[in-house]
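Keep the viewer open as you read.

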Amino acid sequence: MLARLTMQTRRIAVIALFAALTAAGSMVKIPLAPVPVTLQSFFVLLAGVILGPRDGAISQSVYVISGLLGLPVFSGGGSIAYVMRPSFGFLLGFICAPYGVGLYLKRKAYSKIHVFIACLIGTFVIYLVGMPYLALYLRYIVQRPDSVMFSIKAGMLIFLPGDMLKCAFIAIIAHPLTVMVEENNGLKK
Amino acid sequence: MLDPRVKLLITTLGIGTGFLIGSTGTLIAFSALCFCLTFIAEIPVLRLVNGLKPFLWLFLFTAVLHVFMTPGDKLTWLPYATRQGLANGISVGLRLVCAIWISTIFTLTTSPSEMVGAMTWFMKPLRHVRVPVDEVALAIMLAMRFIPVLFEEADRTLTAQKARGIDLESGGMMNRIKSVVPIVIPLLRGIFRRADDLAVALTIKGYRPGQVRSSMREIKFRRMDFLALALSTLLLGAFLCL
C-alpha cells in the first residue's frame, strides 16, 4: 500500500529534482572554446532521456514557471520580465525538447546511438523554438536589419560544438543512469 | 498585505499598459508612477536597480540602435542620429525598464509560496484539460528546496572522489570528459536517493497525490484588494486613454 502510494509521490519528487538540476545547471559554467557552456541543456536532454516525454516536459515547465515567478533560477536571476529577453525562446525550447527526446526513445530499442540521436533531436528542438524568437526579437524590438544571420551566428553556431559534447556525454552515462533510476525509484520510462 | 492574485493581475496589467501607451509624454508620466510605487512598497531603490542589471546592456543596445537606425530628420549635434530615432529609442527603453521595474516590485513584495498559490489559482481552469496544476505547484516548492541539496551533494561527491585519487586536471579533452563520469554517476545516484527520501517523508506525513490540499496560509480576497484592483484598473485605463 505504502509502496504504491509513494510511487506517484516519487514521480513528483523526481520531476522537481530535474527542475532543480536545470536551475543548478545555469549556475555552473564550463570554460570550453569558443564560448563558456552551461549545463542547462544537458539536464534538459537528460530529463527527456530519464523521465520520458510527458514528465520531462513537466519538469522543465516547473523550471521555467518558477523562474518567471521570480525565483532566481535563470542565469542572472528570474522574474516575469525574462519574457522580454531575446533568449527567452530557448527557455520555451527547454519545455519542448524533453518531449522530442522522450518520444523518439519510446519507439526505439535502447542503444547508445539512439540516445545520441534522441539528444540531437532535442537540441534541434531547442533551437527550433529559440531561434525564431531571437530573430524576431532582434528584428522588431532591437531593429537590427541583419537579424537572421546574426542570430544564427551568435545564437547557434558558436554553441554547436558544446552541444555535441553534451549529447555524446549523455549517450555515455544514459545506460547506468536509467538502470539506477529504475531500480532505485521503481520508475518506468 | 494584498492578495497575491490581485498583485499578479495588477503586475500583468501594468506591463501590458506600458507597452500599449501611445505618446512619449504619457509614457514618461507612467514611468514616474512606477518609480513612485517603489516608495509606497518601501523597497530600497538600490535593490531594484540591481534587478535591472541583467537587462542593462540589452536596453542600452536596443535604445542606441533605435537612435541611429530610424530614418528621419537628421540631428545637428549628433552625427547619423535622427529626431524620430531619439524619440523611438527613449520610448522603447522606457517601456522595457517600466516592465522590469514593475515585475521586480512584485517579486520583492511577494513570498514564493504566495506566488505559487496565486499561480495555482489562475491555472485552475487548466485542470479540465488534464494539466497537472497541483503537481506542478508542489514540484515548484520541492524544486526550491532541492537546489541547496544539489550543491551540498555535489561538494560531498567531489571531495569523496578526490580522496580516492581522481585526477580531473591532466590528460586530453577525451580523457577529461571520461574522468567526469565517476563524479556524475555517484552524484546523480546520491540526489536520486534524496528525492526518494523526500517522497517517502511526504507520503508518511499524509500527502496523497490527486487529493485537494489545504494551505498553511490561506489567500483571502479582502475589501482592500478590491479597492486596489479598482484603483489600479482606473489608473491604467486613464493612461491608455490619454
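For chain B as a whole the mean pLDDT is 83, with 99% of its residues at 70 or more. Where pLDDT is low, the predicted coordinates should not be read in detail. As for the complex, the predictor gives an ipTM of 0.83 and a pTM of 0.85.

A bit of housekeeping: this is a predicted model, so local features need pLDDT of at least 70 and side-chain atom pairs count only at pLDDT 80 or more, while totals for chains, interfaces and linings use all residues. Residues are numbered from 1 along each chain as its sequence is written, chains are lettered from A and ligands numbered from 1 in the order in which they are written, and side-chain values use heavy atoms, with hydrogens and water left out.

Chain B is split into domain 1 (4-111 + 218-241) and domain 2 (133-204), with bounds taken from an automatic or database domain assignment. The C-alpha centres of domain 1 of chain B and domain 2 of chain B sit 40 Å apart.

Now for the interface. Counting contact as heavy atoms within 4.5 Å, 56 residues of chain A and 56 residues of chain B take part. About 5000 Å² is buried between chain A and chain B, and carbon and sulfur atoms give 81% of that; buried area means the accessible area (1.4 Å probe) that two parts lose on being put together, summed over both.

What about charges? The rule finds 2 salt bridges across the interface of chain A and chain B, each being a side-chain nitrogen of Lys or Arg within 4 Å of a carboxyl oxygen of Asp or Glu. Arg10(A) and Asp196(B) form a salt bridge through their side chains (2.4 Å, N to O). The largest share, 20 residues, comes from α1(A).

Over all chains, the salt bridge count comes to 10. Arg10(A) belongs to helix α1 of chain A and Asp196(B) to helix α7 (residues 173-204) of chain B, so this pair joins two chains.

Note on methods: Helices (H or I, at least four residues) and strands (E, at least two) are DSSP runs, numbered from the N terminus. pLDDT is the predictor's confidence in each residue, from 0 to 100.
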